[in-house]
Amino acid sequence: MNNRKNNQGFSVVYFAVLFVVAALIYFFSVGFFNSGLPERQVRNEIKKETVDFFMQENFKELDRLSTEYREGGARTPNGLWKLSIFYRGIDGIARAKNNYRPDYDMLLGKVDRWVASSPNSPSAYIAKGIILTHVAWSIRGTDYAEKVKKQNWVPFREKAKETYRYLLSVKQKADVDPSWYEVSVRIMTAFERDINKVMSVANEGLDKFPYYHELYFTTVLYLTPKWHGDDAYIEEFALKSIQRTSQQDRMSMYARIYWYVDYHNYHGKLFSNSDVSWGRMRSGFENIIEDYPVQYNIQKFAYYACLAKD
């Protein structure tokens with residue numbers, strides 16, 4: 001009788017613990033606790049400032065900001081480059097969403113005036129590359145490939161190739177900024193199936209700027225099964241990132257790569273559908289938190305530890 005009661009008590013506690021763990025996974029995944037607010041505030045402020053200066057055509061301030069972020073290597077509270085957030089501001093105003101299509105003529109007019117007023121500004125050329133990238137993607141649309149209209153594929157890929165030719169034409173002025181490589185890999189994803197060609201561009205950039213997260217993120221998306229790679233390519237790339245960055249970041253880049261690609265590709269099924277090593281990812285998160293001990297990072301560590309059943 002006592003054994004039965006003990007077993008029943010154990011079952012209640014066991015399922016209660018499972019419920020709490022499941023709830024924590026859910027809350028961490030949706031940002032319920034909201035303690036990443038400082039990170040979001042920093043990102044939003046950078047993007048707003050960038051967009052405001054761009055729309056006002058205050059090119060002097062745009063160059064000042066981008067130069068400061070590029071040369072100083074400033075980071076957000078969770079460790080991302082502020083330079084990448086600067087370009088996300090430009091990206092945001094150029095991105096087509098649902099039935100909304102930005103006024104690309106207006107945006108290109110502004111960025112051309114930026115180039116004309118600051119012909120030695122790498123950021124002006126990169127900003128134009130970002131806008132042209134979105135012009136190309138607006139032709140394709142955001143649907144899955146099987147839903148894209150057949151007549152849109154050729155003009156989409158031709159516009160993408162045209163954008164890449166533009167980026168190549170300004171390379172000597174713009175490749176002092178790591179985002180030139182990031183935008184180049186991003187647009188090559190649209191048309192280039194030869195992994196060696198894309199990785200040649202990515203590796204050149206990563207050799208010059210080994211700690212620039214955004215280039216790793218864009219490259220790993222190219223390597224996903226959705227595009228032109230597979231799980232093995234992703235793991236190989238993540239392992240090579242350790243070799244490039246271990247002197248300063250130890251294992252953290254490995255964790256950041258899988259954190260990013262989980263959100264965009266595996267959607268919470270990272271440990272069942274990829275070749276990730278939780279041991280390496282855990283070490284990476286420990287390194288991230290040593291360098292950037294903010295709740296945003298701690299919560300993500302806890303979230304992935306729960307998924308890994310650690």
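Visitor: How should I read the burial of a helix such as α6, and how many of its residues are buried?

Guide: Burial is judged by relative accessible area, computed with a 1.4 Å probe on protein chains only: under 20% is buried, over 50% is exposed, and what lies in between is partly exposed. Helices (H or I, at least four residues) are DSSP runs, as are strands (E, at least two), and both are numbered from the N terminus. In this predicted model, α6 is mostly covered, with 17 of its 19 residues buried.

Visitor: What should I keep in mind about the model and its numbering?

Guide: The model is predicted, so local features need pLDDT of at least 70 and side-chain atom pairs count only at pLDDT 80 or more, whereas totals for chains, interfaces and linings use all residues. Residues are numbered from 1 along each chain as its sequence is written, and side-chain values use heavy atoms, with hydrogens and water left out.

Visitor: What span is expected of α6, and what follows this helix?

Guide: The expected span of a helix is 1.5 Å times one less than its number of residues. Helix α6, residues 122–140, reaches 28 Å from its first C-alpha to its last, close to the 27 Å expected. Gly141 comes after α6 and has a positive phi, near 90 degrees.

Visitor: Which residues of α7 are buried, and where do they lie around the axis?

Guide: An α-helix has 3.6 residues a turn, so residues three or four places apart point the same way. In α7 the buried residues are Asn152, Trp153, Phe156, Lys159, Ala160, Thr163, Tyr164, Tyr166 and Leu167. These residues cover an arc of only 155 degrees around the axis (the arc is that of the directions from the helix axis to the C-beta atoms), which puts them on the same side of α7. The face turned away from that buried side carries the exposed residues Gln151, Val154 and Ser169. As for length, α7 runs over residues 150–169, and its end C-alpha atoms are 30 Å apart, in agreement with the 28 Å that its 20 residues should span.

Visitor: Which helices do the buried residues of α7 pack against?

Guide: They pack against α6, α8 (171–174), α9 (178–188) and α10 (195–208).

Visitor: Which residues have the most contacts inside the largest nonpolar core?

Guide: A nonpolar core is a set of buried Ala, Val, Leu, Ile, Met, Phe, Trp, Tyr and Cys residues joined through side-chain atoms within 4.5 Å. The largest one here has 88 residues, and those with the most contacts inside it are Phe54, Trp114, Ile131, Tyr258 and Met281. Leaving aside its neighbours within four places in sequence, Ile131 is in contact (heavy atoms within 4.5 Å) with Phe54, Ile90, Ala94, Tyr104, Leu107, Leu108 and Val111.

Visitor: Is Ser121 buried or exposed, and which side chain does it join in a polar contact?

Guide: A polar contact is a pair of N or O atoms within 3.5 Å; within protein, one must be able to donate a hydrogen and the other to accept it, and residues adjacent in sequence count only if both atoms are side-chain atoms. Ser121, in the loop between α5 and α6, is buried at 5% relative accessibility, and a polar contact of 2.5 Å joins its side chain to that of Asp63.

Visitor: Where do His267 and Lys309 lie, and what is the phi of each?

Guide: Most residues other than glycine have a negative phi. Lys309, in the segment after α16 (295–307), has a positive phi of about 60 degrees and is exposed at 77%.
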